Amino acid sequence: MRAEDVRRFRDETPGCAEVIHFNNAGSSLPPAPVTDTVLGYLRDEARQGGYEAADAAADRISAAYTSTARLLGAADDDIAFTDSATRSWQAVFYALRLGPGDRILTCRSEYASNAIAYLQSGADVEVVDDDENGQVDVADLARRIDDRVKLISMNHVPTHGGLVNPAEEVGAVAGEAGIPFLLDACQAIGQLDLDVTRLRCDALTGTGRKYLRGPRGTGLLYVHPRLRERLEPAMLDLHSATWTSPTTYRVEASAKRFEAWERSQALLLGLGAAVDYALAIGLPAIEERVTALAERLRADLGQVPGVTVHDQGKRRCGIVTFTVEGVPSGQVKQRLGEARINTSVTNRTSAQYDFSSRSLPELVRASVHYYNTDEEIRALVEEVDRLR
Ligand SMILES: *Cc1c(COP(=O)(O)O)cnc(C)c1O
């Protein structure tokens, strides 16, 4: 990515003039076209009426599906929009109707909301070992497969570290065994170049506000036809199904069977604008810059006495986690915030398996995006150095 491109992306991001934003794994700064799309559409609703505005925007709404399908290498019919990654994930998970006697294989870096749903289901949850790099051990995964395994479900990138799990190799094992593979790509989408055919996942979930730079309150879902044909959603309405006679209904064939009728069209269009913005830059270019900036940040933080970087993985992404000796992570975040540097804190209630097994303390999470700069990284590292 050329310096002049980065300058333009920053010019198109009003927040870049206000703060140094290293909380992109929490919620990114949106580019102006995203905010303008949302506000413009709300004005259309106010002027025309909500239903009338939606009719007038039908082509743009449908284009959001096409763009998202392109982002993932999927077909339009495989895409659904929801209001969060968690809602997308739950729509698939609860449709599987797993229970006692079933086995779910997941990874050590698994996210809280997913793990809570596993526990609620009553199925046996098994955490696959990590390998020596701290990523999911695909050989251990393959060893655990038997007839009772009904789901392989894990994250591509965890919420609390720079690790990138070998999702393609997991997909190959799942595909071979004919077991559904649900991939939580919430932190991967928008920073890594994803392709559902390469990943061989049956379902993939993502959020709008994180690396995609979309508005809050948006989520997306990909479901391959081979999975969705056998999954009836746990909840249906007159959009996800049709009431065909007083005693019958027919479930929608496309992934829209996982959607709800009522939703914010403004936010949906905003998410579509965010996807288009990312596609115009190109995911390989985004991935390359995010990865390089994060490696620089890790190296520079590693030079500061008393700072420990905690990221694992053979392959790593834009999320950087660290601790400062003698300064609680909450205090690090607060002091950085006073210098207008946004980070966040991640703790064990987000990822019990990993925090417990590695005995991790609360971590400061500094997540970089392509619009961050070397100067911003320097400012963060200097501020951390001052803190000690
Ligand atoms: C943030 C996050 C989620 C949840 O996303 P929401 O949009 O908040 O529902 C799921 N998985 C991972 C790994 C996350 O970091």
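This is a predicted model: local features need pLDDT of at least 70, side-chain atom pairs count only at pLDDT 80 or more; totals for chains, interfaces and linings use all residues.
**Entry 1**

Arg97 has a positive phi of about 50 degrees, although it is not a glycine. Is Arg97 buried or exposed? Its relative accessible area is 54%, so Arg97 counts as exposed, the cut-off being over 50%.

Next I went to Arg213, in the loop between β7 (203-207) and β8 (219-223). Arg213 is not a glycine either, and I found a positive phi of about 70 degrees for it. Arg213 has a relative accessible area of 2%, so I wrote it down as buried; under 20% is what that word asks for.

I then turned to the chain as a whole. It is divided into domain 1 (3-29 + 282-387) and domain 2 (33-280). I noted that domain 1 is written as two stretches of the chain, 3-29 and 282-387. The centres of domain 1 and domain 2, taken over C-alpha atoms, are 26 Å apart. How many residues of domain 1 are in contact with domain 2? I found 41 residues of domain 1 in contact with 39 residues of domain 2.

The largest nonpolar core came next, and it has 88 residues. Leu72, Ile152, Leu194, Leu204, Leu297 and Phe322 touch the most other members. Which helix gives the most to this core? I found that helix α11 (residues 265-281) does, with nine residues. Domain 1 and domain 2 both give residues to this core, so I put it down as lying between them.

Leaving aside its neighbours within four places in sequence, I found Leu297 in contact with Val320, Ala366, Val368, Ile377, Leu380 and Val381.

**Entry 1: a patch on the surface**

I also looked for nonpolar residues on the outside. Tyr51, Leu238 and Trp261 make a nonpolar surface patch of about 400 Å². Tyr51 sits in helix α3 (residues 50-56). I marked Tyr51 as exposed because its relative accessibility is 59%.

**Entry 2: salt bridges**

I found 26 salt bridges in the structure, and I looked up a few pairs.

Asp5 and Arg2 meet through their side chains, at 3.1 Å from N to O. Asp5 has 15% relative accessibility, so it counts as buried.

Asp102 and Lys150 form another salt bridge, with their closest N and O atoms 3.3 Å apart. Where does each partner lie? Asp102 is in the loop between α5 (85-96) and β3 (103-106), while Lys150 is in strand β5 (residues 149-155), so I see distant parts of the chain linked, 48 residues apart. Asp102 is buried because its relative accessibility is 14%, whereas Lys150, at 33%, is partly exposed.

Arg298 and Glu295 make a bridge of 2.9 Å, N to O. Both lie in helix α12 (residues 283-302), three residues apart, which is about one turn of the helix. Arg298 is buried at 6% relative accessible area, and Glu295 is partly exposed at 29%.

I also found salt bridges that share partners: Arg103, Glu126, Asp129, Asp140, Arg143, Arg144 and Asp146 are joined into one network.

**Entry 3: one last residue**

I ended on Gln331, in helix α13 (residues 329-338). Gln331 is partly exposed, with a relative accessible area of 39%. How far apart are Gln331 and Val364? I noted 33 residues in sequence, and 9.5 Å in space from C-alpha to C-alpha.

How values were computed
Residues are numbered from 1 along each chain as its sequence is written. Side-chain values use heavy atoms; hydrogens and water are left out. A nonpolar core is a set of buried Ala, Val, Leu, Ile, Met, Phe, Trp, Tyr and Cys residues joined through side-chain atoms within 4.5 Å. Buried means under 20% relative accessible area, exposed over 50%, partly exposed in between (1.4 Å probe, protein chains only). Helices (H or I, at least four residues) and strands (E, at least two) are DSSP runs, numbered from the N terminus. Domain bounds come from an automatic or database domain assignment. Contact means heavy atoms within 4.5 Å. Patches are made of residues with over 30% relative accessible area and no salt bridge: like charges are joined within 9 Å, nonpolar side chains (Val, Leu, Ile, Met, Phe, Trp, Tyr) within 5 Å. Accessible areas come from the Shrake-Rupley method with a 1.4 Å probe; for residues, only the protein chains shown count as cover. A salt bridge is a side-chain nitrogen of Lys or Arg within 4 Å of a carboxyl oxygen of Asp or Glu.
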